[in-house]
Amino acid sequence: MSVIIFLFVCSVLVAAGFLLAFIWSVKDGQYDDEFSSANRVLYDDKK
Amino acid sequence: MLTNHNHLSVAKNIKQLCFHCGSQCIDDVIIINEKHFCCNGCKTVYQILNENDLCAYYDFNEHAGISPNTQVRKDKFAYLDNTEIENKLIQFKDSKQTHVTFYLPQIHCSSCLYLLENITKINQNIITSKINFSKREIFIVFNHHAISLRKVAEILASVGYEPLISLNNAAQVKKKISRAKIYKIGVAGFCFANIMMLSFPEYLSGSTYVEPALKNLFSYMSLLLSLPVLFYSATEFYTSAWHGLKNKYLNIDIPVVLAILITFFRSLYHLFYLGENGYFDSMSGLVFFMLIGRIAQDKTQQYLSFERDFTSFFPIAVNKLFDKTFKPVPIEQLKENDVIQIYANEIIPVDAMLSKGNASIDYSFVSGESTPVAANIGDIIYAGGKQTGEKIELMVVKPMNQSYLTNLWNKQNATNKENKNTFVDTLSKNFTILVFIIAGIAFLYWAMIGKVAVGLDVLTTVFIIACPCTLLLAATFTYGNMLRIFAKNKVYIRHYNVLEKINEIDTIVYDKTGTLTQAANVAINFIGEELSAKEKILIKSTAANSKHVYSKSIVQFFAEENVVSNTNFKETIGKGIEAWIDEHYIKIGSPAFFNKPNELHKSIMYVAIDNKLLGYFITSNVYRKGFSAILKKLDNHYKQIILSGDSIAEKDFLEKTLGKNIQIHFNQKPEDKLKFIQQLQQNKQQVLMIGDGLNDAIALKESDVGIAITENNNNFTPACDIILDASFFEKFYQLFLFSKEGKKIIKLSFSFSFIYNVIGLYFALQGLLSPLIAAILMPSSTISIIAITFGLTQWSARKLKL
């Protein structure tokens with residue numbers, strides 16, 4: 001039984017980690033401009 | 001090039017597209033590296049890119065370039081050297097670098113992104129440049145010891161991206177995009193999913209198999225996870241409901257809040273008193289789905305500005321006379337009797353008196369009349385007018401905040417569009433009342449047969465299950481998807497309320513110039529002697545040198561003829577053009593250019609070769625494609641009126657094409673238009689107005705639905721409810737049809753959600769609603785409603801060819 005509690009705590013922590021990652025990405029402005037980043041990776045850097 | 005300078009008919013008549021900007025080359029002269037260019041501006045940009053090894057620009061998109069505005073004068077950005085103005089624009093400055101953001105309306109494709117982010121290659125002193133594509137902004141960090149802000153702006157302008165710097169830039173407090181809603185959704189989703197997970201063991205096995213200690217623990221964890229939903233994610237429902245209560249207005253969020261609170265407290269009762277699992281999953285699910293609905297509705301055009309006012313097209317600075325030299329100053333510092341200098345194609349920011357030079361003022365922003373008005377020394381020129389001729393000097397009569405235009409604008413603020421009850425509000429209100437009645441009757445029934453406890457149980461479960469959540473979602477998802485479909489058709493709608501208002505419209509008011517007619521296109525005709533082939537070539541070759549709209553239309557008029565290269569060319573802005581070609585002197589221009597009075601009161605251009613007058617070109621507005629068909633179609637359902645700022649020149653034409661049903665009023669000033677709309681509204685008519693310029697702005701704001709039509713999204717559009725791209729005008733009628741469809745779809749999905757509610761109530765009224773049933777009904781009803789509304793809107797859009 002205690003294993004289940006341990007597993008539950010782990011799963012919530014992992015999920016909370018993803019929630020934080022999501023909030024971080026939103027805060028960072030990742031979703032503000034969906035066009036630029038998507039295209040930027042395609043350019044060769046000649047330097 | 002020089003050798004064939006004096007020969008006619010050398011140029012081949014093959015239409016080449018400009019390698020840079022893709023417009024048609026009028027002559028075959030500008031060629032480098034076997035690439036054709038339409039003008040020297042485009043060639044220069046190509047050369048800059050070529051030198052800096054940035055030609056990948058052309059690989060991403062063909063003809064991606066923007067023809068640079070060659071009329072930009074050398075010291076246009078001189079005002080950026082003024083520290084006061086500079087400080088208003090820059091965001092950050094330290095001992096090494098300066099940060100600045102410019103608005104570049106020209107940004108449109110991946111090539112733009114490539115070039116602008118590699119602008120550092122053109123000048124090493126620009127340290128970083130980063131584009132925000134959806135805002136069309138460039139963020140630049142530069143070394144201010146090596147280059148100035150002015151130089152940065154000039155570099156951008158030199159490659160075709162001239163920054164748009166307006167008074168608005170300086171005044172505006174940087175708007176922060178609120179991301180709170182997204183965080184709230186994240187939290188609600190997280191909690192909802194975890195509570196669901198915790199509830200599964202009990203749902204799947206019934207209460208028997210789960211060990212009591214574990215079950216208890218899971219229930220308390222559910223409670224813990226529901227707290228962030230209750231206290232954080234759901235907050236905006238509370239504020240909205242409170243706002244409704246305070247204004248004694250039953251809005252849709254009141255039953256939602258009621259459902260949230262009742263579900264929560266009832267779950268507490270289950271947990272602490274009965275020792276059972278509660279409805280925490282349903283509660284957090286409700287909040288989660290409702291928030292998604294809100295986002296779907298709000299996520300429209302957060303970057304399109306619907307609230308632009310005149311400051312966004314006023315210059316930030318103007319040249320003012322100090323002793324003997326002109327220096328740029330911010331325009332709000334102008335005082336009475338200051339002398340200012342205005343160049344061609346610049347807007348006069350204050351009411352002022354002409355003191356030097358020939359003024360030819362285009363008041364189209366203010367009055368709608370697009371033919372420039374000549375002014376004499378001593379005449380007052382009002383703010384908002386645009387000088388079309390040469391450089392002039394003016395003496396300030398009134399500072400900016402007292403000008404006629406500012407007054408006109410501020411007059412507007414008194415009237416405010418009241419938020420009327422929308423159709424969804426009314427429906428949900430009735431629904432809420434119905435729920436209250438059902439719950440009341442059920443409670444009374446159980447109380448009368450002596451089972452008050454069951455009665456209370458029923459009372460609360462009715463509120464849990466019959467929350468208007470699905471009703472609300474039906475509306476939000478339908479409108480959200482409609483706004484998306486409209487945006488795809490280049491119709492940008494400010495708020496979903498507007499779609500409801502469109503359904504109530506009974507009167508449509510049109511502005512004429514720029515709305516029914518095309519702004520950037522003029523029809524042209526030649527009246528005079530029969531022209532010989534050689535004369536045609538000479539006239540076309542002369543006009544080909546100029547970028548003026550009229551010159552361009554002359555070139556198009558003689559589309560069949562060839563062009564001879566020529567260099568002896570002179571353009572007098574606002575008046576006309578002259579050129580020496582092959583020993584001939586060609587002169588084309590306005591009556592004033594020929595010292596003649598304009599007797600026809602129309603836009604005409606005289607043409608003379610070797611001082612012999614051959615005749616004149618007459619220009620007229622080109623009406624938008626299919627405008628009469630559209631107006632006739634709408635005529636069956638709506639009262640239609642045309643208000644024109646112009647003189648009555650085109651009255652006959654309009655009456656003939658449109659018939660007698662449509663009223664037409666001419667010589668309407670902005671205030672007249674406003675009064676007209678107000679009069680209609682006093683007669684209880686619901687008015688939709690469609691217009692373009694600033695001259696329509698106050699009337700647009702006053703009308704129930706204001707539509708601004710634009711041929712280019714980057715242009716100035718006045719404050720309005722809908723920004724409509726001119727290309728959509730042909731489908732103008734579909735705007736009304738689709739809005740009507742939307743209402744039908746919502747009604748239909750309402751009835752679907754009603755079925756779910758009936759099923760839920762069936763259990764609730766008997767006191768049998770278990771958390772399991774609630775947990776199944778809630779998400780399944782929500783998801784099916786989303787599917788239904790999405791499918792139906794998509795289908796009806798296809799039917800209407802949207």
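Analyst: Helices here are DSSP runs of H or I with at least four residues, and strands are runs of E with at least two, numbered from the N terminus. On that basis chain B of this predicted model has 25 helices and 28 strands. Chain B has 802 residues, of which 41% count as buried. Taking the contacts in chain B between residues at least 6 apart in sequence, 67% link residues at least 24 apart.

The pair in question is α13(B), residues 423-448, and α15(B), residues 469-488. Their axes lie 10 Å apart, and the helices pack at an angle of about 170°. Angles over 145 degrees count as roughly antiparallel, and α13(B) and α15(B) are therefore roughly antiparallel to each other. On the α13(B) side the meeting residues are V424(B), L427(B), S428(B) and F431(B); α15(B) brings L471(B), L472(B) and A475(B). By class, this contact comprises six nonpolar residues, one polar and no charged.

Chain B also touches chain A, through a contact that takes 19 residues from chain B and 18 residues from chain A. On the chain B side, at least two residues each come from α4 (110-117), β5 (126-132), α7 (180-209) and α8 (212-233). Helix α7(B) gives the largest share, six residues. The side of chain B that touches chain A is made up of eleven nonpolar, five polar and three charged residues.

How values were computed. Residues are numbered from 1 along each chain as its sequence is written. Chains are lettered from A and ligands numbered from 1 in the order in which they are written. This is a predicted model: local features need pLDDT of at least 70, side-chain atom pairs count only at pLDDT 80 or more; totals for chains, interfaces and linings use all residues. Two residues are in contact if their C-beta atoms, placed from the backbone, lie within 7 Å. Ala, Val, Leu, Ile, Met, Phe, Trp, Tyr, Cys and Pro count as nonpolar, Asp, Glu, Lys and Arg as charged, and the others, Gly among them, as polar. A residue is buried if 20 or more other C-beta atoms lie within 10 Å of its own, exposed if 12 or fewer, and partly exposed in between; C-beta atoms are placed from the backbone. Axes are lines fitted to C-alpha atoms, for helices over the stretch in contact, and angles run from 0 to 180 degrees between N-to-C directions. Angles under 35 degrees count as roughly parallel, over 145 as roughly antiparallel, 65 to 115 as roughly perpendicular and the rest as oblique.
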